[in-house]
Amino acid sequence: MSTLTFLPLLPLETKEKVGRLIHVTHQIPYEVQSYRTQQGLLWSFTPRHGHSAMYAGMQSLEPDFETLRIGWTGSIQCQQLTSTQKQYDHLFTPKEQQQQQQQQQQQLTSDIDQFTEEEKYDMIQQLYHQYGCIPLFLDNEEVDGHYYGYCKTMLWPLFNYILWSDATDGRIERKQWEIYKLVNQKYADMVLKHYTEGDTVWIHDYHLLLVPAMVRSKLPKARIGLFLHASFPSSEIFRVCPKREEILKGMLGANLIGFQTYANSRHFISNCTRLLGFESTPDGVNWEGHFCRVGTFPIGIDVDDVELKRSSPQVMPKMQAIGEMYTGKKILVGRDKLDLVKGVLQKLAAFEKFLTDYPEWQNKVVLIQVTDANTGDTTNKKEIEHKVSEMVARINGTFGSLEFTPVHHYHHHIQPDEYYALLSIADSALVTANRDGMSTVSLEYIMCQKEKHGPLILSELTGTAGSMSSALMVNPWDYAGVAKAINDALIMSDDEKASRHAQLLDHVKKYTASYWAHSFIKSLFHTYTLSEQSSNTPLLKIDHLVQNYSTSQKRLLCFDYDGTLTPICQTPGAAVPPPDMLKALTILCQDPANEVWVISGRDEHALDTWLGHIPGLGLSAEHGSFIKYPNSNKWMNLAEHFDMGWKHDVLEIFTYYTERTAGSFIEHKRCALTWHYRLADPIFGEFQAKECQNHLETALSKLPVEVLVGKKNLEVRLKSVNKGEIVKRLLLASPLSTSSSHLQTLSNSSPSVDFVMCCGDDKTDEDMFKTLARSSVDSTGKFSVLIGAEDKKTAALWRVPCVQEMIDSLTVLANLYTKIE
């Protein structure tokens with residue numbers, strides 16, 4: 001399939017705007033149709049049905065931003081015009097297009113490869129210049145594997161708390177996952193192709209969850225937002241997804257992720273903490289130095305558009321017709337997609353319960369239920385259709401008669417004037433989804449009830465429920481409760497109806513689609529400014545480092561181990577040194593101008609095992625309690641004269657919390673004790689750690705020890721022994737004991753140190769940074785480097801986001817010596 005790379009876009013005239021927004025959606029907002037005539041191919045574009053709130057929000061930003069929309073064309077409807085259809089210009093009006101579709105006897109969904117490159121180019125130009133859209137072309141295999149495959153059979157059920165019931169060998173799922181990745185990469189590549197510096201990228205929904213990280217990998221400074229219009233499950237549900245790690249990391253490439261409800265935001269953060277082990281706050285997630293903010297932005301509707309449509313001259317005749325059809329009857333209205341989560345079956349069961357429990361309403365209430373035939377999840381759709389038809393037939397057979405039918409089910413797409421007529425004439429609306437991101441039907445119903453004030457019966461499981469407290473809240477699985485709510489709605493006084501409606505209308509008119517879009521973009525800009533421009537600790541400039549390193553005469557290089565030279569691991573014993581790090585460290589030690597030390601919280605055995613074979617490397621264990629000079633085999637205990645009686649009290653406290661925190665354990669060191677909870681439940685582990693810390697600080701307040709809060713651990717050690725003391729002694733080149741002949745030689749024969757680099761990732765390394773800051777070394781030769789997120793409070797002068805970037809920096813320095821040799 002061709003990519004049309006040889007056909008550039010024609011220039012687009014632009015107006016003065018504050019910036020450019022690139023919207024990335026699964027489909028462009030327009031349905032594409034082709035008409036083949038004797039003169040050639042004609043393209044027609046009509047607004048796409050569905051997602052009206054999202055498209056309205058996007059459109060509301062156009063006065064402030066130049067807008068570019070990237071998305072799949074959707075299925076292209078191909079028609080062959082007959083000889084009698086000559087007026088081609090009429091094809092581009094909605095009325096003529098609707099007539100054309102009704103007259104056409106056969107429409108074929110065309111494969112994009114059926115069109116020539118020139119025909120596709122004409123479509124691209126028209127969409128770009130008329131609507132600001134860049135279409136993405138997908139073949140049938142990609143559509144089946146991505147949309148109908150992984151999105152609809154894997155992600156959509158899982159996001160709505162529906163576990164897969166079909167056991168397979170995984171081959172189909174693996175193929176669909178590969179196609180999902182491929183299609184996401186196509187979207188990302190299209191963004192990269194059209195991105196210019198300063199653009200804002202806004203990615204929408206679960207079809208494109210990998211795109212943020214894909215774009216971030218190529219554009220690390222891009223401003224990227226992701227909004228999930230669907231629900232997001234708790235970690236107990238999402239953990240069953242085989243590709244959970246890839247999906248979460250893909251989403252974390254964004255600067256800001258928006259959800260419809262606070263519960264969904266909380267679930268996402270919990271997933272990142274529990275399943276990935278990433279550090280998080282209520283505001284977001286830290287991942288390899290990148291902070292992804294998570295926020296709640298409930299979507300609204302375009303109230304002006306709804307008001308215009310409900311006031312249309314075509315609506316009133318429809319209302320009159322419906323009123324005449326159901327004269328003297330109370331009308332309940334429901335409109336839903338026909339899938340597992342919209343609760344149509346539960347709604348019908350509740351209505352049946354209502355007619356049974358409140359027989360006085362029999363022959364007086366009618367339920368008009370509309371289900372769109374071409375929307376909703378395709379999984380088990382035929383089965384649901386069959387069950388709905390059976391239930392409708394049973395209710396009508398039990399409670400109906402020749403003169404009256406209590407349930408009218410319309411399983412087809414209805415026109416907007418019919419829809420708004422139904423909402424306007426209804427006495428109550430039933431929105432009883434089992435799980436829903438945000439039900440815009442409930443918002444549209446409120447707008448249509450300005451005169452009648454019919455109560456809204458709303459499922460408490462929908463995203464809308466959190467902000468519409470004046471509705472009658474129901475549990476859709478509680479049929480008796482829903483039945484009672486229907487009765488309450490029908491007998492409610494006019495004053496109460498008006499009061500409830502006024503509160504709901506105020507909310508709907510304030511929190512519109514425009515408000516949603518502007519709130520998200522404003523928050524995205526604010527988040528980006530904080531993370532990319534206002535960092536207190538700037539990123540390490542490798543050119544600046546190399547320049548000062550190359551011109552120095554005597555260097556002292558000090559590194560922490562865990563989280564600095566090797567990534568943090570679930571268990572301490574798994575933190576083996578990476579090969580590229582070992583190579584770089586070995587070469588740095590070979591340079592006679594370098595004094596290289598690893599100053600770690602690890603014990604002597606671990607450091608000897610992993611790093612002891614490197615010639616010329618100095619080692620310090622247990623945060624400065626033990627030291628072994630370069631080219632020496634002897635460890636020296638610098639804390640041997642200190643009283644260690646405090647360890648008994650600390651061990652008792654750690655043991656108490658270990659017994660009560662599954663997955664935690666105690667690490668015994670000669671001069672320290674460490675309590676690890678990395679393997680415990682992340683949330684409970686953090687809670688227990690805070691309790692343990694408070695307990696320790698109270699019990700040990702009069703002892704010469706301190707409590708250090710590390711990454712998923714607590715450590716108690718002597719106050720007078722720390723990494724800063726080791727750096728101070730190395731800088732002074734004074735003997736640490738009568739046998740420190742190495743430092744005596746350094747002090748007597750070597751030039752003074754004019755370049756010092758101290759690197760670490762947690763609180764224990766702050767002692768090194770502070771010692772370096774107070775030293776007499778010239779400021780141009782001081783390089784204290786924090787490995788981690790930008791929002792950490794630190795005394796370091798520089799920052800690198802992750803361990804691998806630290807190793808890459810050391811490799812650059814090591815290569816300088818290799819070139820000299």
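**Burial, ring pairs and cavities in a predicted chain**

Of the chain's 821 residues, 55% count as buried. The model is predicted.

Colleague: How many helices and strands does the chain have?

Modeller: The model is a predicted one. Contacts with a separation of 6 or more are counted in the chain, and residues 24 or more positions apart account for 72% of them. As for the elements, the chain has 27 helices and 31 strands.

Colleague: What kind of aromatic pair do phenylalanine 232 and phenylalanine 268 form?

Modeller: The count of aromatic pairs comes to 34. For phenylalanine 232 and phenylalanine 268, the distance is 5.6 Å centre to centre, with 75° between the planes. Planes over 60 degrees apart count as edge-to-face, so the pair of phenylalanine 232 and phenylalanine 268 is edge-to-face.

Colleague: How many residues apart are phenylalanine 232 and phenylalanine 268?

Modeller: Phenylalanine 232 is in the loop between strand S9 (223–227) and helix H7 (235–238), whereas phenylalanine 268 is in helix H9 (residues 262–276). The pair links distant parts of the chain, its two members being 36 residues apart.

Colleague: Are phenylalanine 232 and phenylalanine 268 buried or exposed?

Modeller: The relative accessible area of phenylalanine 232 is 0%, and that of phenylalanine 268 is 0%. Buried means under 20%, so phenylalanine 232 and phenylalanine 268 are buried.

Colleague: Which residues do ring pairs link into a cluster with Phe232 and Phe268?

Modeller: Phe232 and Phe268 form an aromatic pair. Ring pairs link Phe232 and Phe268 into a cluster with Phe159, Tyr206, Phe238 and Phe259.

Colleague: Which strand supplies the largest share of the lining of the largest cavity?

Modeller: The structure holds 5 cavities of 30 Å³ or more, and the largest has a volume of about 430 Å³. Strands S25 (665–668), S26 (672–676), S27 (705–710) and S28 (713–718) each supply at least two residues of its lining. The largest share, 3 residues, comes from S27.

Colleague: Which residues lie nearest the centre of the largest cavity?

Modeller: The lining of the largest cavity has 7 nonpolar, 10 polar and 11 charged residues. Of the 28 residues that line the largest cavity, those nearest its centre are Asp562, Ile568, His676, Asn713 and Asp762.

Colleague: How many charged residues has the lining of the second largest cavity?

Modeller: About 60 Å³ of space lies in the second largest cavity. Its lining residues include Pro298, Met438, Thr464, His507 and Tyr511. By class, the lining has 6 nonpolar and 4 polar residues, and the number of charged ones is none.

Colleague: Is glutamate 352 buried or exposed?

Modeller: Glutamate 352 has its place in helix H12 (residues 344–357). Leaving out residues up to four places away in sequence, glutamate 352 touches Arg394, Ile395 and Phe399. Because its relative accessibility is 18% and the cut-off is under 20%, glutamate 352 counts as buried.

Colleague: Which residues does alanine 188 touch, not counting residues up to four places away in sequence?

Modeller: Alanine 188 lies in helix H5 (residues 171–194) and is buried, with a relative accessible area of 0%. Its C-alpha atom is separated by 9.0 Å from that of alanine 213, 25 residues apart along the chain. Beyond four places in sequence, alanine 188 touches Val211, Met214 and Val215.

Colleague: What is the phi of histidine 623?

Modeller: Most residues other than glycine have a negative phi. Histidine 623 lies in the loop between strand S22 (617–621) and strand S23 (626–628), and is buried at a relative accessible area of 6%. Its phi has a positive value, near 55°.

Colleague: Where does histidine 453 lie?

Modeller: Histidine 453 has a positive phi of about 60° although it is not a glycine. With a relative accessible area of 23%, histidine 453 is partly exposed. Its place is the loop between helix H15 (440–448) and strand S18 (456–459).

How values were computed:
Residues are numbered from 1 along each chain as its sequence is written. This is a predicted model: local features need pLDDT of at least 70, side-chain atom pairs count only at pLDDT 80 or more; totals for chains, interfaces and linings use all residues. Side-chain values use heavy atoms; hydrogens and water are left out. Rings of Phe, Tyr and Trp (its six-membered ring) pair if their centres lie within 6.5 Å; planes under 30 degrees apart count as stacked, over 60 as edge-to-face and the rest as tilted. Helices (H or I, at least four residues) and strands (E, at least two) are DSSP runs, numbered from the N terminus. Buried means under 20% relative accessible area, exposed over 50%, partly exposed in between (1.4 Å probe, protein chains only). On a 1 Å grid over the protein atoms alone, a cavity is a set of points where a 1.4 Å probe fits but cannot get out, and a pocket is an open set with protein on both sides within 12 Å along at least five of seven lines; lining residues have an atom within 4 Å of a point. Grid points are joined across faces, edges and corners, and a volume is the space filled by probe spheres set on the points. Ala, Val, Leu, Ile, Met, Phe, Trp, Tyr, Cys and Pro count as nonpolar, Asp, Glu, Lys and Arg as charged, and the others, Gly among them, as polar. Contact means heavy atoms within 4.5 Å.
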